[in-house]
Amino acid sequence: GRLQTQAESDEAKERLAKATGWTDHKLIAQLAALGVTPEGLMAVQMVPLVLIAWANHGVDPKERDFVMSKAERFGVRERSEAYALLEHWLSHRPPVTVFDTWKRFMRYELASMCRKSSERLVALTKNQMIAAARCSGGFLGFCRISSNEQKLIRKLSRTLDECLNEADVNRRAG
């Protein structure tokens, strides 16, 4: 789409590298391939919720509303690029690379925060993943978390813990 073409230009990649101060060219290229611009970066933090919304069948309206309301609490404003990107990911399943991109992104994100803030962000993300899985209806409207969702939550939580530990190591080294 249009977002993607714009984001993939060399100039756009340069803007992303400048805005983040990141030198990881692979991460910059992955973000660009997903249509992420500096203005859209905030959407990447919401990837776990997007993945959980897709875990079962498609994304239902309740799941969509849940993700968008959490995004707004994170400061993603309506009509912003991050908002448009999230809406796109909720209506068209994002490519599998979105997981690896999110993981790389979180490594940098957590390393740039103090230990307390990074722990808080990880805990918040884990809680939101569980809440996202619960809001997807379940059986007869009971809040059941499907086995797909459980597997995904475990995988995402493990990844968050790895990123947190890595951030600690880097913080001590830096």
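**Salt bridges in close-up**

**View 1. Lys126 and Asp161 joined by a salt bridge.** At a relative accessibility of 23%, Lys126 is partly exposed, a class that lies between buried (under 20% relative accessible area) and exposed (over 50%), computed with a 1.4 Å probe on protein chains only. The model is predicted, with local features requiring pLDDT of at least 70 and side-chain atom pairs pLDDT 80 or more, whereas totals for chains, interfaces and linings use all residues. Residues are numbered from 1 along each chain as its sequence is written, and side-chain values use heavy atoms, leaving out hydrogens and water. Asp161 is likewise partly exposed, at 31%. A salt bridge places a side-chain nitrogen of Lys or Arg within 4 Å of a carboxyl oxygen of Asp or Glu; here the N to O distance is 2.7 Å. Because Asp161 belongs to helix H9 and Lys126 to helix H8, the pair ties together parts 35 residues apart in sequence. Helices are DSSP runs (H or I, at least four residues), numbered from the N terminus.

**View 2. The salt bridge between Arg115 and Asp168.** The closest N and O atoms are 1.8 Å apart. This pair links distant parts of the chain, with Arg115 in helix H8 (residues 115-134) and Asp168 in helix H9 (residues 147-173), 53 residues apart. Arg115 is partly exposed at 33%, whereas Asp168 is buried at 11%.

**View 3. Arg15 paired with Glu39 in a salt bridge.** The closest N and O atoms lie 2.8 Å apart. Arg15 sits in helix H2 (residues 10-20) and Glu39 in the loop between helix H3 (25-33) and helix H4 (47-54), so the bridge ties together parts 24 residues apart in sequence. Arg15 is partly exposed at 37%, as is Glu39 at 41%.

Conventions: Helix = DSSP H or I, 4+ residues; strand = E, 2+ residues; numbered from the N terminus.
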